[in-house]
Amino acid sequence: MAGNITPIFPKAARIGTANVSAANANRTVTGVTGLVSLLVAGADGTRIDRIRVKATTTTTSGMIRIWVYSGSGNAQLLFEIPVSAVVPSATLASFEAYVDVEYEHLPAGYTLYASTEKAEAFNVTAFGGDW
């Protein structure tokens with residue numbers, strides 16, 4: 001059987017945001033307890049290209065965690081983003097990180113969630129497109 005040789009492109013750009021600040025040091029959770037919704041997949045699924053993390057306060061060494069949830073059971077840890085200690089000032093920007101996800105496909109009905117290990121405030125943004 002011949003494979004599909006026609007490229008598939010997203011129908012619409014998607015941006016999802018989460019403001020996380022409650023400490024959650026867990027790498028396993030029950031349901032989505034302690035997590036903040038980042039992006040809900042579109043009706044035909046969503047491609048995730050990049051995730052940006054921007055601190056809005058002083059940070060200490062820790063982790064931002066990205067989770068995937070199918071709509072039932074428990075959210076699963078997808079990956080972690082290390083956070084370094086930064087004391088922002090007029091001459092030093094707050095912590096910031098970009099992660100190129102490279103075609104992480106989120107099926108319809110799935111949701112990305114975010115959490116922070118430490119009680120520090122972050123804006124987490126996911127960039128992608130709906131199929």
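Which two side chains meet in a salt bridge at 3.6 Å, N to O? What we have here is a predicted model, in which local features need pLDDT of at least 70 and side-chain atom pairs count only at pLDDT 80 or more, while totals for chains, interfaces and linings use all residues. Residues are numbered from 1 along each chain as its sequence is written, and side-chain values use heavy atoms, with hydrogens and water left out.

The pair is Glu-96 and Lys-54, where a salt bridge is a side-chain nitrogen of Lys or Arg within 4 Å of a carboxyl oxygen of Asp or Glu. Glu-96 lies in strand β6 and Lys-54 in strand β3, so the pair ties together parts that are 42 residues apart in sequence; strands here are DSSP runs of E with at least two residues, numbered from the N terminus. Glu-96 also forms a salt bridge with Arg-52, the closest N and O atoms being 3.0 Å apart. At 17% relative accessibility Lys-54 counts as buried, whereas Glu-96, at 35%, is partly exposed, and so is Arg-52, at 22%; buried means under 20% relative accessible area, exposed over 50%, and partly exposed in between, with a 1.4 Å probe and protein chains only.

The structure holds eight salt bridges, and one of them joins Arg-14 to Asp-130, with the closest N and O atoms 3.0 Å apart. Since Arg-14 sits in strand β1 and Asp-130 in strand β8, this pair ties together parts 116 residues apart in sequence. Asp-130 is buried, with a relative accessible area of 16%, and its side chain is also joined to that of Thr-46 by a polar contact of 2.6 Å, meaning a pair of N or O atoms within 3.5 Å, where within protein one must be able to donate a hydrogen and the other to accept it, and residues adjacent in sequence count only if both atoms are side-chain atoms. Thr-46 lies in strand β3 and, at 0% relative accessibility, counts as buried.

Let me turn to the sheet. Four strands form an open sheet in the order β2-β7-β4-β5, with antiparallel pairing; two strands pair if DSSP finds at least two bridges between them. The strands β2 and β5 stand at the edges, each with a single partner strand, so one side of each is left without a neighbour in the sheet. As for β4, seven bridges join it to β5 and six bridges join it to β7, and seven of its eight residues are buried, so β4 is largely enclosed by the rest of the structure. Within these pairings, Gly-62 stands opposite Val-83 in β5, and Ile-64 stands opposite Thr-116 in β7.
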